Amino acid sequence: MNFLVEVFSDPTLVFLKYSLLAGIFSSFAFGITGSYIVVKRISYMAGAISHSVLGGIGFALFISAKFNIPWITPYSGAVAASIFSAVLIWFAEKYSKERLDSLLGAVWATGMAGGIIFIALTPGYIDPMSYLFGNILMVTKTDLIVIALFSSLICFTAFLFQNKLIAASFDEEFLKIRGVRTDIYNLMLLIMTALTIVLMIRIVGIIMIIAMLTLPPASASRLSKNFFSMSILSIVLSAFFVISGIGISFKYDLPGGPAIILTAGVFYFSILFLTSKNFIIQYLGNLFKNKD
Amino acid sequence: MKKDQIIKFKDVSYSYLPNSTPILENINFEIFKKEIVCIVGPNGGGKTTLLKLISGILKPDKGKIEIFGSSPGENGEKIGYMPQSVHYDNSFPISVKNVVLMGILGKKNLTSIFGWYSKNDKIKCKKALAKVKMENLIEKPFYALSGGQKQRVLIARALISDPEILVLDEPTANVDYETEDNFISLLKDLNEKKNKTIVMVSHDMGFVSEIVTSVFCINKTLVIHPTNKLSGKTIQETYNSSSIQLIRHDHRCSDKGHIR
């Protein structure tokens with residue numbers, strides 16, 4: 001709490017204030033989209049989309065430097081690449097007979113490889129580390145506005161189509177029989193995922209973003225009985241992880257992204273242990289009984 | 001008087017993989033309004049596949065299917081489909097209420113663009129659950145229910161839209177005797193008072209003979225039997241015999257007299 005007061009009152013810590021606010025704003029989108037990803041079990045798709053984003057960032061940096069086009073920012077490259085991957089995955093899942101996990105692996109790795117190559121080709125020195133693992137010093141005021149807008153858009157869409165999105169995640173076949181175009185809702189969910197991923201790239205980086213999409217909802221699902229409470233709890237947890245992670249990184253001078261993810265991970269494993277404690281005790285008990 | 005033909009299969013074949021042995025071959029039948037058809041047969045014989053062809057989830061490789069005179073999928077809202085409860089994710093956080101309300105979502109009604117449920121929909125949901133005696137568990141999470149309770153919820157979901165045809169995949173698996181009894185009278189009621197056509201898969205022969213008008217025994221192909229000859233012995237023959245593969249027991253075609 002002291003940390004929060006300090007950040008918001010000390011004008012020299014304005015960068016921290018921006019990344020905290022960015023984290024809190026994006027938590028809304030992360031909690032909601034993440035809940036869908038967890039219940040629909042498509043975190044591997046989200047992983048492929050998020051890693052392929054590096055390709056877009058690298059390409060944007062390269063084009064922008066090479067042809068001197070300042071308005072092509074790494075951020076716009078990231079948005080384009082993530083939406084492109086989302087549509088590609090949706091299209092392949094719908095029409096191709098290819099095994100989905102092979103395709104996702106390909107999107108995942110070629111995106112990253114392309115990104116690194118483009119960054120290497122870009123004139124001048126660019127450190128890919130800040131894109132891969134995040135850098136809380138990079139959030140600007142403009143970013144903050146964009147994040148707030150995108151996050152509200154995602155939440156609004158999810159709110160508007162909630163019944164259909166939940167139903168399509170639960171039983172696609174049934175809705176198809178009733179003439180509901182479930183493919184459209186799948187695409188909607190993938191594009192929501194693509195946009196959500198971009199929101200926190202600055203803070204936790206491409207590699208670990210999948211954790212922010214899955215760990216808060218996965219922890220929340222252990223503690224809630226319906227989808228609504230699960231997504232609300234995910235939002236709260238997500239914001240809590242961002243605040244405490246940045247707090248830890250500030251206090252002990254540690255990298256911000258990993259501190260956030262580590263907090264989320266420790267919390268998740270604790271919840272997992274506490275909610276399955278009886279099962280573990282019973283299992284160990286049986287183990288010893290059998291030995292006697 | 002000519003009866004209304006609801007479902008028609010003409011020379012239908014289906015295989016799950018291209019160029020492999022078909023799971024259903026040259027299936028021909030017609031189902032008329034107000035019939036109760038029960039599909040029986042060995043595991044892997046194609047019972048569920050047949051239901052999926054009727055409901056339009058699967059498209060036939062060969063042959064033609066007509067539901068109310070047009071191809072399956074176009075009349076999806078007239079079908080109340082109940083799948084087996086085993087294929088559901090056992091940790092999906094959704095309430096009984098929301099599972100049943102799913103049965104209202106569709107392409108035609110006005111609220112369907114966003115899929116918001118009206119007050120009337122919620123009343124229908126309660127009524128549908130009351131029919132299967134599950135109204136007390138309306139707020140419970142679906143995953144917390146027993147196998148039989150889940151099935152009753154899925155039946156309620158199939159009933160909520162008041163469909164013309166009920167397509168039920170093993171509605172009586174996992175349920176106790178009393179529930180089964182209630183279920184039989186529910187089907188009887190829907191059939192007699194509301195003129196519903198019912199197509200279902202069942203392993204339970206006792207259940208089958210009580211209310212059904214036709215029995216389809218399915219194992220890849222179709223052979224026809226009159227119902228009045230249906231006995232424990234013929235059924236045993238169906239399941240064990242390699243020569244008889246799909247047998248249809250039917251009042252209507254007893255004049256064909258093709259029983260051995």
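Start with the charged pairs. This is a predicted model, and a search of the whole structure finds 13 salt bridges over all chains.

**Stop 1: between the chains.** Select A:Arg41 and B:Asp89. Their side chains form a salt bridge, 2.8 Å from N to O. The pair crosses between chains: A:Arg41 sits in the loop between α2 and α3 of chain A, and B:Asp89 in the loop between β5 and α2 of chain B. Is A:Arg41 buried or exposed? A:Arg41 counts as exposed, because its relative accessibility is 58% and the cut-off is over 50%.

**Stop 2: a second crossing.** Now select A:Glu173 and B:Lys52. This salt bridge is 3.5 Å, N to O. It also runs between chains, from helix α9 of chain A to helix α1 of chain B. B:Lys52 is buried, at 18% relative accessible area.

**Stop 3: within chain B.** Pick B:Lys64 and B:Glu66. Their side chains meet in a salt bridge of 3.2 Å, N to O. B:Lys64 is exposed, with a relative accessible area of 52%.

**Stop 4: a network.** Select A:Lys94, A:Arg181 and A:Asp183. Salt bridges link them in a network.

**Stop 5: two helices.** Show residues 74-95 (α4) and 182-199 (α10) of chain A. These helices pack at about 155°, with axes 9 Å apart. So α4(A) is roughly antiparallel to α10(A). The crossing is right-handed.

**Stop 6: a nonpolar patch.** Turn to the surface of chain A. α14(A) gives the largest share, six residues. A:Leu274 lies in helix α13 of chain A and is exposed at 52%.

Methods:
Residues numbered from 1 in each chain as written. Chains lettered and ligands numbered in written order. Predicted model: local features only at pLDDT ≥ 70, side-chain atom pairs only at ≥ 80, totals over all residues. Heavy atoms only, no water. Helix = DSSP H or I, 4+ residues; strand = E, 2+ residues; numbered from the N terminus. Buried < 20%, exposed > 50% of the residue type's maximum accessible area, 1.4 Å probe, protein only. Axes fitted to C-alpha atoms, helices over the stretch in contact; angles between N-to-C directions. Parallel < 35°, antiparallel > 145°, perpendicular 65-115°, else oblique. Left-handed = near helix turned anticlockwise from the far one by under 90°. Salt bridge = Lys/Arg side-chain N within 4 Å of Asp/Glu carboxyl O.
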